[in-house]
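Open the model in your viewer. Keep the selection tool at hand.

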Amino acid sequence: MFKRLLLILALFTASLAPVNAQSLSDSYSGDELVQKGGEFFGSAAQGLASLVERAVSQFGLPNGYVLGEDAGGALFAGARYGEGTLYTRNAGEMPLFWQGPSIGFDVGGDGSKVMMLVYNLSSVQEMFGRFAGVDGSAYVVGGFGMTVIKYGNVVMVPIRSGVGARLGINIGYLKFTPEPTWNPF
């Protein structure tokens, strides 16, 4: 089962070609993202610049981003819930909520501040869907982490600064909605 999860992770990552971030309109520069993320994450922002740089070098400049908080937990099957605000240059700000299940070799719980870089967003309505991806965590106390999730042409790169204890790898999705809900499906 673990080999299958690693194979799925490898295939998913390989399918993510560099994306064109000019769909909705103007993109955000790496410096702007580091500044906004630094303000949001505060003293925990030391690792943020390198993760933003890595995401921008792999996927280009995003045309939106989300700042928010989420929490999750798992004992092989798990769930994650969060809320935040989507920022775009043309459509402005919009509150978002997300929730989703996961399954895999994953045990523990965490709470995180999260910055999600959004690519290929033609309209804010494209945010409301199930973004699938593979996530891996290995930390006790806290740290930064980056994953990649995708729905249609929209690619999102969540960067989390979390606290808790979590170990494992899982497959799941995050469903974005305009209103909060407890149903992770």
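The tour goes from the whole chain to a pair of strands and then to a surface patch.

This is a predicted model: local features need pLDDT of at least 70, side-chain atom pairs count only at pLDDT 80 or more, and totals for chains, interfaces and linings use all residues. Residues are numbered from 1 along each chain as its sequence is written, and side-chain values use heavy atoms, without hydrogens and water.

**Whole chain.** Colour by secondary structure. The chain has three helices and five strands. From the N terminus, the order is α-α-α-β-β-β-β-β. Helices (H or I, at least four residues) and strands (E, at least two) are DSSP runs, numbered from the N terminus. Of the 185 residues, 46% count as buried, meaning under 20% relative accessible area (1.4 Å probe, protein chains only); exposed means over 50%, and partly exposed lies in between.

**Strands S1 and S2.** Select residues 64-88 for S1 and residues 92-119 for S2. The two run antiparallel, joined by 24 bridges. Strands pair if DSSP finds at least two bridges between them. Now find the hairpin: three residues connect S1 to S2. Then pick Gly84, which faces Leu96 in S2.

**Surface patch.** Select Leu75, Phe76, Phe105 and Val107. They make a nonpolar surface patch of about 380 Å². Nonpolar side chains (Val, Leu, Ile, Met, Phe, Trp, Tyr) are joined within 5 Å, like charges within 9 Å. Areas come from the Shrake-Rupley method with a 1.4 Å probe; for residues, only the protein chains shown count as cover. S1 and S2 each supply at least two residues of the patch.

**Last stop.** Zoom in on Leu75, in strand S1. Why does Leu75 count as exposed? Because its relative accessibility is 60%.

Note on methods. Patch = residues over 30% accessible without salt bridge, like charges linked within 9 Å, V, L, I, M, F, W, Y side chains within 5 Å. Salt bridge = Lys/Arg side-chain N within 4 Å of Asp/Glu carboxyl O.
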